[in-house]
Every structure is written in structure tokens, then in C-alpha cells.
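Welcome! Here is a short tour for someone meeting this structure for the first time. Please have a look at the sequence and the model, and then read on.

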Amino acid sequence: MAPRALRIELPQTLPVFPLDGALLLPGAELPLRIFEPRYLNMLDDVMTGARMIGMVQTSGGDKARPSLARIGCAGRVTRFRDGAEGDYLITLTGVCRFRIAEELDLPTPYRQVRADFAPFTDDLEPGRRTGGERTRLAKALRAYLNRRDLDVDDSALNAAPLDELVAGLAMSLPFSPAEKQALLEAPDRGDRQDVLTALLEIDALGDDDGPPETLQ
């Protein structure tokens, strides 16, 4: 079956910001401090156009110019202000994931790609699938936090919309870059919740002193 047509216009040429460990998901917000000259230049350019940046992780290769992971997430700059040290303080709001069709040879100090959004059109439909029940996720999260002697606010945990909770945990918890990429590449929101829950449960299995107690 052919991918559905995109419901909004997205740029085919997309500047990318490679940043390992930073995860942007559709509909979520990612605050960033931009200070490297090439990325300051990138921001100057995108703010005069579509205001879109692709967040990607790297996948090895040369340290000065590492290979890019095949899938990233495009975000729109929704907040922008000058910092006190010549830097920019921005917030990216995730719009849609993309597959890198090719990296472009363009005369800019930052890297640009041809982005294929077609495989991820469901990202443009908030709430299309909201994932499963939260009981297993909540139990895994409590065990994860308990291992670190951290508290969890049960009322906040139960009140948060499930999609927002999954996205917030996926983006903020200190998973490895490979684990962050697995969360990004999960086919849909339900699958992402399953990946997140599995990562939390695997972490609990690493406790040699036995399973952590559930927080009350």
C-alpha cells in the first residue's frame, strides 16, 4: 500500500542538527541552547524560512563528520530568544519523523538532507493511536525510580495523558543513544509505549539485590 499524501507542507530539504542522546518526538517540545557557530548560522537561515530543523543522532563513522542515523524527527522552532553569551535559546516542537533519503552536498557549514516524510504520515494525526493501558508502564516506572531512590507523584502519573507521559519519559530519562533511537523508530505510539516499558523493566532486572520495591 502506498503511503498517504502529507496533509501539511513539509520541506524536502532539511537542515539537520546531529545530537546524540537528544530525542525529539512528534508533538513534544525540546528546549535547546545553540552556541556553535555553524548551528547559529543554521538558526539564522531557518528563521527566515520554514523554521524547521531535523534532529538526528549519529551512527558511527568519522568523529569530525559522523554518519547520520537513518531516521530523525523534524521540529518547528516555536520559541526563540537571544542568550546572554551570543547563543540562542530555542524550543523545537516535534512535527513529523523522516527518513534520510540522501545527504545533500550544499555549501553550508551545517549539514542538510533530502527528507522523506511519507512513511510517517500518522505522526501528523495526534491521538490516532493512544497506546495501551498504563498499569504495566506505571509499575515499571516506579521500579526504575525506586532503584535510584527517587519519588514519583502518583497523582501526576495517573493524571497525565498517556501519550504525553510516554513522550516525556522517552525524551527525559537517561537512556543510551541506541535506546533513544529505538524509541524514535517505534512504528506508532502504542509500540513506543511497549519499547519504553521494556527498557524500564530491563533496567530493573539489572539490580543484583533483587527486584526493587514498588513505591506507594
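## Salt bridges and their surroundings

R70 counts as partly exposed, at 48% relative accessibility; here buried means under 20% relative accessible area, exposed over 50%, and partly exposed in between, with a 1.4 Å probe and protein chains only. This is a predicted model, in which local features need pLDDT of at least 70 and side-chain atom pairs count only at pLDDT 80 or more, while totals for chains, interfaces and linings use all residues. Residues are numbered from 1 along each chain as its sequence is written, and side-chain values use heavy atoms, with hydrogens and water left out.

Which side chain meets R70 in a salt bridge? The partner is E185, at 3.2 Å, N to O. A salt bridge is a side-chain nitrogen of Lys or Arg within 4 Å of a carboxyl oxygen of Asp or Glu. E185 lies in helix 5 and R70 in the loop between strand 5 and strand 6, so the pair ties together parts that are 115 residues apart in sequence. Helices (H or I, at least four residues) and strands (E, at least two) are DSSP runs, numbered from the N terminus.

The whole structure holds 13 salt bridges, and the table shows some of them.

| Pair | Distance, N to O |
|---|---|
| E103 and R65 | 2.7 Å |
| E185 and R70 | 3.2 Å |
| R97 and D123 | 2.9 Å |

R97 lies in strand 7 and D123 in the loop between strand 8 and helix 2, so this pair ties together parts 26 residues apart in sequence. Both R97 and D123 are buried. E103, by contrast, is partly exposed, with a relative accessible area of 31%, and R65 is partly exposed at 48%. A network of salt bridges also links R33, E85 and D87.

Now for the chain as a whole. Its secondary structure comes to six helices and eight strands. Of its 216 residues, 44% are buried. In helix 4 (residues 162-172), the buried residues are L162, L165, V166, A167, L169, A170 and M171. Among the elements that cover them are strand 2, helix 2, helix 3, helix 5 and helix 6.

T197 has its place in helix 6 (residues 189-205). Is T197 buried or exposed? T197 is buried, with a relative accessible area of 3%. Leaving out residues up to four places away in sequence, T197 touches R136, L137 and A140, where contact means heavy atoms within 4.5 Å.

On a 1 Å grid over the protein atoms alone, a cavity is a set of points where a 1.4 Å probe fits but cannot get out, and a pocket is an open set with protein on both sides within 12 Å along at least five of seven lines; lining residues have an atom within 4 Å of a point.

One cavity of 30 Å³ or more turns up in the whole structure. The largest cavity contains about 50 Å³ of space. Strand 6 gives the most to its lining, with three residues. The lining of the largest cavity has eight nonpolar, three polar and no charged residues.

The second largest pocket holds about 380 Å³ of space. Of its 23 lining residues, F17, P18, E36, R38 and Y39 are the closest to its centre. Strand 2 supplies the largest share of that lining, four residues. By class, the lining of this pocket has 14 nonpolar, two polar and seven charged residues. Ala, Val, Leu, Ile, Met, Phe, Trp, Tyr, Cys and Pro count as nonpolar, Asp, Glu, Lys and Arg as charged, and the others, Gly among them, as polar.

Terms used
Points joined across faces, edges and corners; volume = space filled by probe spheres on them.
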